[in-house]
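Please keep the sequence and the model in view while reading.

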Amino acid sequence: MEIIVTDLLCIGAGLAGERVAVEAASAGFEVICLSIVPPRRSHSSAAQGGMQASLGSCCMGEGDCPQVHFEDTVKGSDWGCDQEVARLFVETAPVAVREMAFWGTPWNRVVAGPSTYYKGGKQFEKVEASEREGLITARDFGGTAKWRTCYTSDGTGHTLLYTMDNKVVELGVKVHDRTEAIALIHDGTTCTGAVARCLKTGDLRIYLAKATLIATGGFGKIYRETTNAVINDGSGAVLAIDTGIVPIGNPEAIQFHPTGIVPTNILVTEGCRGDGGTLLDVNKERFMPQYEPKKAELASRDVVSRWMTHHIRKGLGVKSPYGDHLWLDIRHLGVQHIRTKLREVDEICHNFLGIDPVKDLIPVRPAQHYTMSGVRTNKDGAAYGLKGLFSAGEAACWDLHGFNRLGGNSLAETVVAGKIVGEKVVEFLHGYETSFSTSIALAAAKLQQERISRIVNCKDGKENVFAVRNAMQDELMERVGIFRNGKDLGAAVDNLQKIHERAQRVGLRSNGVGANPELALAIKIRGMLRLALCVAYAALLRTESRGCHAREDYEERNDRDWLKRTLATWNEGSDLPVLDYEPVSKIFDLPPGERGYGVCKIISCDGGVIGA
Amino acid sequence: MGRKLTFEIFRYNPKDPKSVPHTDGFQLEETDSMTLFIALARIREEQDPSLQFDFCCRAGICGSCAMVINGRPGLACKTLTRELPERIILMPLPVFKLIGDLSVDTGTWFRAMNEKVGSWIHTDKAFDPAAQEERMENAVAEEIYELERCVECGCCVAACGTANMREDFVGAVALNRIARFMLDPRDSRTEKEYFDVIGTDEGIFGCMGLLACEDVCPKNLPLQDQLGILRRKMGWTALKNLFSFKRT
Ligand SMILES: Cc1cc2nc3c(=O)[nH]c(=O)nc-3n(C[C@H](O)[C@H](O)[C@H](O)COP(=O)(O)OP(=O)(O)OC[C@H]3O[C@@H](n4cnc5c(N)ncnc54)[C@H](O)[C@@H]3O)c2cc1C
Ligand code: SF4
Ligand code: SF4
Ligand code: FES
């Protein structure tokens, strides 16, 4: 078996993985990135809206600063984030945006003079100062006090990822694309790389590394309806779960996006609402102002998603063969605006729906969108439990987002965390000597080889892997979705346990030779079920509502009992995760309080009740 | 009842000694808003789980899913079946190395292309974290973005007569990339330096100007304009080089 040795192994070549790689390569270390797809096809490329940084250059961002960004982020997280991390993040974000500009990202810039914008369907005028002309500008996004979201038209993730991969090419960092990590190599205390499967040939390879980074992005594909890419199926989280040591932080913290198009769940950007798009119901009437008088469509996305679901449940959704939905209306923004500033949205409507958003309403409904949860790390990005293992980006629970991520904060997280964690990885690598045990590596690879051969030869059964996956996706969608309650969650856990058993009996129908796609899914389906069980079980035990975690049977945020983070680990042979808890933050610069939007009944730390 | 669609799909698994290149037929009933992504996923799940093809974003953004659809390169995820006849013939992209069935290795090709054209900002300056960003006119940023929209899908390369004939031809995508950097005030390369990269038969002078590339580009990049501008500029640079050579 091929054995490849390197200083740093980045599992994942999206924005976060590549940013860490750039930092380590710039410091002279040898880096190899693995990716399921060619790096520029990573899901970072799909982010349209933009990234937050408090540059405060545009007039609507006047007076913005890291402190204001900090407060928005902590409130957005519903006090579920680590405030030290949030502080570090907001202070580094402006530098990170400028660094990306320096490397080539064509950020939109301030244009001096008057221009119009829409908010909540009304037109307003703003005037940009001439002394700011040419600086990086920003747009409005849900849940922020200032216009803070830097952007390049509707392709921010695309331009950022191309800029980053350009840097990777310039530095000569190796990217082994179409290579999927399937297990970490470790001895119980130290991680020394990963076993990976080549998706061109089907062969297994061993990567030995002094430091290993999990930067595999989100895992939305465990849900049926998600805005995530096909490849975002949780194989990164599974790497951690299968160690039995490294915990997943807050698995129950899953975000839904208000505007996935029906039926394909392709996301239309929050920028639509930021720029003044409105949501309409079956009677073509706006309904958000009735639930959120101040912020209306611009309230944070968990709030908007919930009211949409609520409104649909009231019977005010639009009937369709794919289920009920609502309308997104951007017609009043005008041809010019839609064809330039919202071009990708315009294209999506034409290509995937066959409609023209200048004239037609867009069918939308909430879909799974973001995983705040992930591999739990400390503020340096070092994973709990194993030395030499790091994580960054959406794959990590660094914990910037707590129970709700603000739009624009995750692209920012990828480059900010990439920078900070990259520096820490470099510090770690300096003077770190470890000896690689080939016997441990070979044993890890052999274990995978044997598993694969059992699956290919149907040694454990003939369960159809696609049927198992669909059952899991339905279960999560129906019972572990936007609104949650004890009864449904309990049923979901029971059902997922049964599906988990089926997952262990999966056998191939095809021959499994070469880059076989059925085998690729069959290898990870067991881990995906474990991940799904972490999500459902943690959601069941968290008897409060916080951010995106909305319990119908526990509507209040309960700071007295639940100002803590879930840590889920998996013992081999078990059929439920072990859940542990830790305080959400060491420091509280911003003490828990009201968000100013959303439902706000709170049981405070001292047991007092606010907003009853 | 939707139409009965017949898919004729190229099959070959180079890793399987028993496999020979051939075509397999599959039948599906068409449903509303069916794209080739939906159709192929269904064929894999319901009929042949070994079928290889590539999708990632399924939203026309990442460039993963280019294939030859009834003779024409395009992105499968943004092709609605209702725009196609009942008989749909799918082939892998030519030029790129075949991985299996409809899946080809674009990653290796594009990495080499990016290395060859030096697809990054060339500058002697160092980033100063304490400084404000350098200013740029918004119009310039938007012009750069216009060209930066390329998703490296490979359709233009697959459709290009020159690229199909000579392996070393850089393709319209590379020429577009060069044009993107020439527009960028942050890049310090001179025309002569760009000329060294693409002022050859592997570059702009290999292009026959038939514009199959622009025709098939799913992002509607203005490839024709870029090729024209480059040809004129490179023509000039070639002349100037000749001239300065004579004088020394
Ligand atoms: C449709 C959409 C729109 C969005 N819009 C915005 C926005 O406007 N603003 C914002 O801030 N955020 C947005 N987000 C969120 C944001 O884009 C992501 O959180 C972020 O880009 C994730 O980056 P990443 O580097 O962590 O992961 P990714 O970019 O997803 O990269 C993951 C990498 O890991 C690789 N990988 C995965 N598993 C394995 C494995 N087992 N072995 C090897 N490699 C593996 C993949 O191939 C890929 O290279 C959006 C998300 C979606 C889905
Ligand atoms: S115009 Fe040039 S690059 Fe485009 S297809 Fe023709 S030969 Fe190829
Ligand atoms: S120029 Fe167009 S066709 Fe060619 S790779 Fe880029 S997006 Fe694809
Ligand atoms: S799957 Fe991304 S472009 Fe088709």
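**Salt bridges, ligand shells and surface**

Over all chains, the count comes to 72 salt bridges, a salt bridge being a side-chain nitrogen of Lys or Arg within 4 Å of a carboxyl oxygen of Asp or Glu. The model is a predicted one, in which local features need pLDDT of at least 70 and side-chain atom pairs count only at pLDDT 80 or more, while totals for chains, interfaces and linings use all residues. Residues are numbered from 1 along each chain as its sequence is written, chains are lettered from A and ligands numbered from 1 in the order in which they are written, and side-chain values use heavy atoms, with hydrogens and water left out.

One of these salt bridges joins the side chains of A:Asp7 and A:Lys210, at 3.5 Å from N to O. A:Asp7 belongs to strand β1 of chain A and A:Lys210 to strand β10 (residues 204-214) of chain A, so this pair ties together parts that are 203 residues apart in sequence. Helices (H or I, at least four residues) and strands (E, at least two) are here DSSP runs, numbered from the N terminus. A:Asp7 counts as buried because its relative accessibility is 17%, and A:Lys210 counts as buried at 17%. Buried means under 20% relative accessible area, exposed means over 50%, and partly exposed lies in between, with a 1.4 Å probe and protein chains only.

A salt bridge also forms between A:Arg565 and A:Asp399, whose closest N and O atoms are 2.8 Å apart. This pair links distant parts of the chain, 166 residues apart: A:Arg565 is in strand β22 (residues 564-569) of chain A, and A:Asp399 is in the loop between β18 (396-397) and α11 of chain A. A:Arg565 and A:Asp399 are both buried.

A:Glu427 is exposed, with a relative accessible area of 52%, whereas A:Lys424, at 27%, counts as partly exposed. Elsewhere, salt bridges that share partners join A:Asp78, A:Glu252, A:Arg542, A:Glu544, A:Arg546, A:Arg557, A:Asp559 and A:Arg595 into one network.

The ligand sites come next. Which residues are closest to ligand 1? Of the 40 residues that surround ligand 1, the closest are A:Ser42, A:Ser44, A:Glu394, A:Ser410 and A:Leu411; a residue belongs to such surroundings if one of its heavy atoms lies within 4 Å. The shell around ligand 1 divides into 16 nonpolar, 21 polar and 3 charged residues. In this grouping, Ala, Val, Leu, Ile, Met, Phe, Trp, Tyr, Cys and Pro count as nonpolar, Asp, Glu, Lys and Arg as charged, and the others, Gly among them, as polar. At least two shell residues are supplied by each of α1 (15-26), β2 (31-35), β8 (179-186), β15 (362-371) and α11 (409-429) of chain A, and α11(A) gives the largest share, 4 residues.

Oxygen atoms of ligand 1 lie 2.5 Å from a polar side-chain atom of A:Ser44, 2.6 Å from a polar side-chain atom of A:Glu394 and 2.9 Å from a backbone N or O atom of A:Ile36. Taken alone, ligand 1 exposes 1,000 Å², and the protein buries 97% of that.

Ligand 2 is surrounded by residues of chain B, including B:Cys160, B:Cys207, B:Cys213 and B:Phe169. The shell around ligand 2 divides into 10 nonpolar, 2 polar and no charged residues. Chain B itself has 9 helices and 7 strands, and its C-alpha trace spans about 70 × 45 × 30 Å along its principal axes. Of the 248 residues of chain B, 54% count as buried.

A:Ile3 is found in strand β1 (residues 2-11) of chain A and counts as partly exposed because its relative accessibility is 33%. Accessible areas come from the Shrake-Rupley method with a 1.4 Å probe, and for residues only the protein chains shown count as cover.

Key: A polar contact is a pair of N or O atoms within 3.5 Å; within protein, one must be able to donate a hydrogen and the other to accept it, and residues adjacent in sequence count only if both atoms are side-chain atoms.
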